[in-house]
Amino acid sequence: MRINYDFTDIEAFLEVSETGSFQRAAHHLNMSQPTLTRRIRKLEQAIGTELFERTTRSVRITLAGRAFLDRARTILDEARAAQLALQDSSDAGHAQRNAVITLATIPSATHNILPHAIRSYREAGHDTRFRILESLAGETLDLVRDGDVDFGIGFGGLDDPVLQFQSLQSDRFVLALHRDHPLCARDQVDWQDLAGHELIVPWKGTGNRMLIDNALAETGQSLGWYLEIRNSSTSLNMVRFGLGVAVLPQSTLPTEQNAPVDFRELVSPSITRRIGIITRRTSRPGRAVQAFLANLLGEVDPPD
């Protein structure tokens, strides 16, 4: 399959998508508007779909254009990094320091895994930039499988023939509750003890909810809930306001000592998920990605 567009076409597409105007994009790129229009049409013909909906008053990016947007940014960033590396071939680490690492991650990993790893990576002298896509567990697997990111951080995919999973740490599910809640008087809470309490659970169909439902089904229990919420931070906010108790991975809980949220271990059954690095089995990561993954593994405690 021949590629019938070049980096200038991609640059034109990104500029129009960011400015929402052919006129402003042409001005920023120092080219005439007809030239810019030809660039966009050339790219659309090469891809086989319209990237923008044009009217006399506005320009709107299409759904296909949105799907192409992140890939276009990655293509251009990698091309610029390669050009910088060639301009200074005497410095073997130049490409690594000017690279862009694109990764997909479940939101909980941004709380306690990525911040420490990125900070120590930068303290080691790396200037690599990061593009982080927060996504649900299934979406993370899809992004890695489709090659849209360099790697992912999540759980699942252990039996996928395309993906490889390298464990980082275990993460148990706990009960998050306000410090004034009656269940705080207990050292641990049985799932059956949640009857009668306003329970907040992950959204149906999410990876966390599937783990919970499967574990309870094996014990013959069902989950009665008060609120279904997709985002863990929103669930925690509900707990802060005393609107219920939430079943959440422990990694999502606040670490500040003055937080009004506490947690208790959930038992019968105890449920644990394994968080790890997800890569394509056939991928060959660049030096920047390899260096960051090594740093990431060093920042996280060994699996139990």
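Predicted model: local features only at pLDDT ≥ 70, side-chain atom pairs only at ≥ 80, totals over all residues.
User: How many salt bridges does the structure hold?

Analyst: A salt bridge here is a side-chain nitrogen of Lys or Arg within 4 Å of a carboxyl oxygen of Asp or Glu. The structure holds 18 of them. Take Arg71, which forms one with Asp148; the closest N and O atoms are 2.6 Å apart. Arg71 lies in helix H4 (residues 63-87) and Asp148 in the loop between helix H8 (137-145) and strand S5 (151-154), so this pair ties together parts that are 77 residues apart in sequence.

User: Which residue forms a salt bridge with Asp77, and where do the two lie?

Analyst: Asp77 is bridged by Arg131, with 2.5 Å between the closest N and O atoms. Asp77 is in helix H4 and Arg131 in strand S4 (residues 129-134), so the pair ties together parts that are 54 residues apart in sequence. Both Arg131 and Asp77 are buried.

User: What is the distance between the closest N and O atoms of Glu139 and Arg230?

Analyst: Glu139 forms a salt bridge with Arg230, and those atoms are 3.6 Å apart. The pair links distant parts of the chain, 91 residues apart: Glu139 is in helix H8, and Arg230 is in the loop between S9 and helix H10 (232-240). Glu139 is partly exposed, with a relative accessible area of 36%.

User: Which residues are linked in a network of salt bridges?

Analyst: Such a network links Asp6, Asp9, Arg39 and Lys42.

User: How do I read an aromatic pair, and how many are there?

Analyst: Two rings pair if their centres lie within 6.5 Å, and planes over 60 degrees apart count as edge-to-face. The count comes to 7 aromatic pairs. For Tyr121 and Phe292, the ring centres are 5.2 Å apart and the planes are at 85 degrees, so the pair is edge-to-face. Tyr121 lies in helix H7 (residues 114-123) and Phe292 in helix H11 (residues 287-299), so the pair ties together parts that are 171 residues apart in sequence. Tyr121 counts as buried at 1% relative accessibility, and Phe292 is buried at 0%.

User: Which strands are joined to S11, and in what direction do they run?

Analyst: Strands are taken as paired when at least two bridges are found between them. Strand S6 (residues 163-178) and strand S11 (residues 261-267) run antiparallel, joined by 5 bridges. Within that pairing, Val174 stands opposite Glu265 in S11. Strand S7 (residues 188-190) runs parallel to S11, with 3 bridges between them. There, Gln188 has Glu265 as its bridge partner in S11. As a general point, side chains in a regular strand alternate between the two faces of the sheet.

User: Which residues form a nonpolar patch on the surface?

Analyst: A patch of this kind takes residues with over 30% relative accessible area and no salt bridge, with nonpolar side chains joined within 5 Å. Here the residues are Tyr226, Phe241 and Leu243, with about 330 Å² of accessible area together. Tyr226 lies in the loop between helix H9 (207-218) and strand S9 (227-229). Tyr226 is partly exposed, with a relative accessible area of 39%.

Terms used. Residues numbered from 1 in each chain as written. Heavy atoms only, no water. Helix = DSSP H or I, 4+ residues; strand = E, 2+ residues; numbered from the N terminus. Patch = residues over 30% accessible without salt bridge, like charges linked within 9 Å, V, L, I, M, F, W, Y side chains within 5 Å. Areas by Shrake-Rupley, 256 points an atom, 1.4 Å probe, with all protein chains shown as cover. Buried < 20%, exposed > 50% of the residue type's maximum accessible area, 1.4 Å probe, protein only. Phe/Tyr/Trp six-rings, centres within 6.5 Å; stacked < 30°, edge-to-face > 60°.
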